[in-house]
Amino acid sequence: MTRVAALLLFGAVAGIGSSSASAQTDPRLVAAVRDAQEGRADTARAAVRQLLAATAVADALYPQLLYTVALTAADATERERALQRIVVEYPVSPWTDDALLLLAQSDYAGGNLPGTVRDLERIRNDFAESPVLARASVWAARTYFEMRNQSAACRWVALGLARASDDVESRDQLAFQAQRCGKLPEVAAAPSRSQAPASQPRAEPPLPVDTPTARTPDPAPAIAPVARPEAAQPVPVSTPVSAPYRIQLAAAGSQAEADAIVRG
């Protein structure tokens with residue numbers, strides 16, 4: 001896509017609102033959008049600013065006011081700031097899907113293709129029943145084709161054709177893009193608004209992790225006391241029974257010799 005084409009498209013995005021005026025629910029905002037379409041942009045912006053200043057941010061009208069600010073904005077910065085506020089501060093308002101589509105178109109005009117598909121994918125994921133889904137499909141298919149992601153582009157073509165309903169313009173554009181796809185993937189039917197969302201599966205408790213813990217030292221095994229040996233008792237020595245004994249001092253051959261030894 002050339003820079004000239006991008007600038008032309010950006011100008012088209014800046015003037016968007018011809019199909020959105022009927023979507024406004026407050027007659028003052030319908031009048032403001034009509035004034036902007038008919039060239040009285042300053043009057044439209046002044047009226048919207050006055051309403052914005054007099055409305056509390058918690059009021060249900062506030063996101064619709066921000067959307068009207070975007071439609072009547074003097075430049076891209078003011079428009080994108082208002083749209084971002086809707087997306088961030090009022091993520092479930094009836095105007096969030098429209099805001100995301102306008103942001104995607106601005107991103108596309110500026111050559112930010114990843115930003116474009118990010119906004120469009122959010123519409124598909126968070127606003128599956130949105131009436132802007134067919135128009136979003138046209139932009140998503142175009143962007144994915146430029147990003148050379150044919151499978152994603154063809155999934156969006158199939159989705160858009162399934163949801164186009166009475167949107168003849170979007171259906172014709174998607175049918176033209178479908179020529180690049182061959183057989184289109186099947187698309188599930190849109191969920192009913194009355195259908196309760198499927199309950200989320202309960203998270204399984206995490207498996208216990210075997211982490212080392214401080215272990216209490218095992219008690220030391222009881223050691224049986226060793227009997228101290230008794231002191232050795234002296235072995236009683238039996239006292240020999242007194243008995244007569246003799247010591248031989250000399251030997252003599254006769255009594256006379258013995259007598260002589262004794263006297264000597």
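Three aromatic pairs are counted in this predicted model, where rings of Phe, Tyr and Trp (its six-membered ring) pair if their centres lie within 6.5 Å. Planes under 30 degrees apart count as stacked, over 60 as edge-to-face and the rest as tilted. One of the pairs joins Y62 and Y90, whose ring centres are 6.2 Å apart with planes at 35°, so this pair is tilted. Because Y62 belongs to helix α4 (residues 62–71) and Y90 to the loop between α5 (76–89) and α6 (96–109), the pair ties together parts 28 residues apart in sequence. Helices here are DSSP runs (H or I, at least four residues), numbered from the N terminus. Both Y62 and Y90 are buried, that is, under 20% relative accessible area with a 1.4 Å probe, protein chains only (exposed is over 50%, partly exposed in between).

The rings of Y67 and W95 likewise form a tilted pair, since their centres are 5.3 Å apart and their planes at 35°. Here too distant parts of the chain are linked, with Y67 in helix α4 and W95 in the loop between α5 and α6, 28 residues apart. Y67 and W95 are both buried.

Residues are numbered from 1 along each chain as its sequence is written. As the model is predicted, local features need pLDDT of at least 70 and side-chain atom pairs count only at pLDDT 80 or more, while totals for chains, interfaces and linings use all residues; side-chain values use heavy atoms, with hydrogens and water left out.

Arginines also meet aromatic rings. The charged end of R142 sits over the ring of W139, 4.9 Å from its centre, and R180 lies over the face of F145 at 3.9 Å from the ring centre. The criterion is NZ of Lys or CZ of Arg within 6 Å of the ring centre and within 35 degrees of the ring normal.

Helix α2 (residues 27–37) has L29, V30, A32, V33 and D35 as its buried residues, and their cover includes α3 (41–53) and α4. Just after α2, G39 takes a positive phi of about 95°.

Notes: Helices (H or I, at least four residues) and strands (E, at least two) are DSSP runs, numbered from the N terminus. Contact means heavy atoms within 4.5 Å.
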